[in-house]
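Me: I'm new to this structure and would like to learn how to read it. Could you walk me through a few features?

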Amino acid sequence: MAWTFTALGGGQEIGANSYLLNLSGIPLLLDAGLHPKKYGYESLPEYSLIDRELEAIFISHAHLDHVGSLPLINRRQPQAPIFATIPTKDIALRMLHNTVTVMSIFREEKGLQEYPFFEHEDLWPLEGEIMGLEYRAAGSSLATGKMVSSERIYLRGGIQARFIPAGHVLGAAGVLLRQGRRTLYYTGDTSLQEQALIPGAVIPEGEIDVLIIECTYANDPEYYSQNRQREIDSLAREATAILSSGGCVLIPAFALGKTQELLSILHSLMRRGQIPSVPLYISGLGKSITEIYQDQRRYLRPHTSILDFELFSVLGLLDDLAVETLLRKPCVIVATNGMMVENTPSARIARCLVQEERHGIFFCGYIDPDTLGYRVFHAQRGEDLIFSPESAPVTIRNSNIKRFYLSSHADRYELLEIARKLQPRIIILVHGEKEGMEFMQEELTGGSQIFMGEKGKTIRLD
Ligand SMILES: [Zn+2]
Ligand SMILES: [Zn+2]
C-alpha cells in the first residue's frame with residue numbers, strides 16, 4: 001500500500017508548519033503550526049485538504065509555527081489523539097494561552113473579526129487530550145550517542161511511533177514512524193550541537209526509508225554551529241564595550257528556547273566577570289516558559305546553571321516613556337519576538353534604542369528576510385525605517401546592530417550530515433527557504449530521491 005506526504009503549510013518557507021501523511025490508508029498529522037508573519041485565516045495550514053478522520057496528531061515541539069493551530073485541528077478532528085513529549089505538552093499549553101491574548105489584541109488593532117481563533121476555555125480540555133510522553137532525558141546515553149528509549153505508541157494499521165530528542169529547545173523531538181518494514185523520520189526543528197541548556201539531537205539508528213528534514217539554515221553559509229563559543233566570546237566583548245560606556249543591549253529572542261539559553265549564557269558571563277553585572281530584563285512570556293524549564297530540568301543538560309529568578313526582572317508596560325526610562329541606565333534586555341515582528345516588545349524597544357548611538361541590538365537567531373528584524377539588521381546609519389504602520393519612521397543613528405550565531409538549529413553542514421548518516425531512500429526538504437533547499441539538493445548526491453515540500457502538493461513515497 002502507498003505512503004504519501006502533503007505539506008499543508010511550511011513547505012518552502014518557515015510558515016504554518018503542518019504535514020499530512022497517509023501511511024497505507026492511515027492518515028497522520030505532523031505538527032499544527034501558525035504562520036509567524038501572517039494574520040487571520042492566512043496564517044493557518046490548509047486543513048481543508050484533510051478529507052478523512054486523522055488517526056493521530058504528533059507535535060514535535062512547542063514553537064508556535066509548529067503548535068499554534070492545534071486547537072483548531074483538534075476542533076475539526078476531535079477523535080484524533082494528540083501526542084507530544086512531556087515538556088512540549090506543558091510549554092504548548094502556555095504558548096497557546098498567550099496566543100489567545102495576542103489574537104485578542106490583534107482583533108482590536110487590526111480589525112480581524114475571526115480572532116481569537118480559540119479562547120482560554122477551549123484550551124482546558126486539551127490539557128487532558130494531549131498525551132505527554134516520556135523521551136530519554138539528558139545526561140543518560142545522549143553523550144555516548146546511543147539510541148534512546150522513548151515510550152512507544154501503537155496505532156491502527158500496525159504503525160509504531162516514538163519521539164527522538166532533537167536538541168533545539170526543551171521538549172523538542174523528532175518523530176520516528178514504522179509500519180511493517182518501512183520507516184519514516186521527521187526531524188521537527190533540530191540541532192546536533194549542544195547548547196548551554198539543551199543537549200544535542202540524537203540521530204535515530206537503523207534504516208530510514210523516508211526522511212522529512214527541516215532546512216532553516218540551509219541557505220546560510222556563514223553559520224557554523226561549532227563556532228558557538230567564539231560567538232559567545234565576541235558577544236561578551238561587544239556587550240562590555242556598550243554597557244561600560246553607558247548603553248543598553250537589546251537581544252530580540254523567542255520566549256521559548258533562546259530566552260532561557262541567553263539567560264544562562266549572560267548569567268555565566270556576569271559571574272565570570274566577562275561582562276559587567278547590570279540589570280537583566282526579560283519579557284513576560286519568557287518568564288513563564290523559564291518556569292517550565294525549571295520544573296522540567298531533568299531534560300536539560302546535567303550541571304547547567306539553572307536560571308535563578310533573582311537574576312532578572314520582567315518587563316512591564318512598554319510605551320515610549322517606559323522604554324525611555326528603561327534605557328536610562330545600562331542594562332541587557334532579552335525581549336520577544338526574536339525576528340522583531342511589528343508591535344512585539346523587541347520592536348517597541350528597538351524603535352527607541354536605534355535613535356541613540358550608545359546602545360546596541362544583538363540578533364542571535366534566525367531572521368526571516370520579510371521581517372522588521374531583517375530590515376533593522378541591514379539598515380544603514382542615517383536611514384529612515386518604519387517600525388509599525390501606526391508610528392512615524394525613525395532615523396537609525398546606531399551602528400551597534402550586530403548578529404551573533406547562537407542558533408538552536410542545525411547549520412547546513414549538520415543538515416547534510418543527518419541526511420548522509422541516515423541514507424534514506426527518499427528525502428523531503430521542508431521548513432526553509434527555496435535557495436537553501438536547492439543547496440541541499442545539489443549536495444546530496446548519494447542516490448536518495450529528493451523532494452522539496454510544496455503547500456498542497458502530494459508526494460508519493462514509493
Ligand atoms: Zn522551533
Ligand atoms: Zn520551526
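Reply: Gladly! Keep in mind that this is a predicted model. Let's begin with a definition: a helix axis is a line fitted to C-alpha atoms over the stretch in contact, and angles run from 0 to 180 degrees between N-to-C directions.

Me: How do I use that for two packed helices?

Reply: Two packed helices are described by the angle between their axes and the distance between the axes. Here, take helix α11 (residues 412-422) and helix α12 (residues 434-443): their axes lie 11 Å apart, at an angle of about 45°. That angle is why α11 counts as oblique to α12. The crossing of α11 past α12 is right-handed.

Me: Which residues in α11 and α12 meet?

Reply: From α11 come R412, L415 and L416, and they meet G436, F439, M440 and E443 in α12. The residues of this contact divide into four nonpolar, one polar and two charged.

Me: Now, how should I read a sheet?

Reply: Strands of a sheet pair through backbone hydrogen bonds, either parallel or antiparallel. In this structure, six strands form an open sheet with parallel pairing, in the order β14-β13-β15-β12-β16-β19.

Me: Which are the edge strands?

Reply: They are β14 (313-314) and β19 (401-403), each pairing on one side only.

Notes. Residues numbered from 1 in each chain as written. Chains lettered and ligands numbered in written order. Predicted model: local features only at pLDDT ≥ 70, side-chain atom pairs only at ≥ 80, totals over all residues. Helix = DSSP H or I, 4+ residues; strand = E, 2+ residues; numbered from the N terminus. Parallel < 35°, antiparallel > 145°, perpendicular 65-115°, else oblique. Left-handed = near helix turned anticlockwise from the far one by under 90°. Contact = placed C-beta atoms within 7 Å. Nonpolar A, V, L, I, M, F, W, Y, C, P; charged D, E, K, R; others polar. Pairing = 2+ DSSP bridges.
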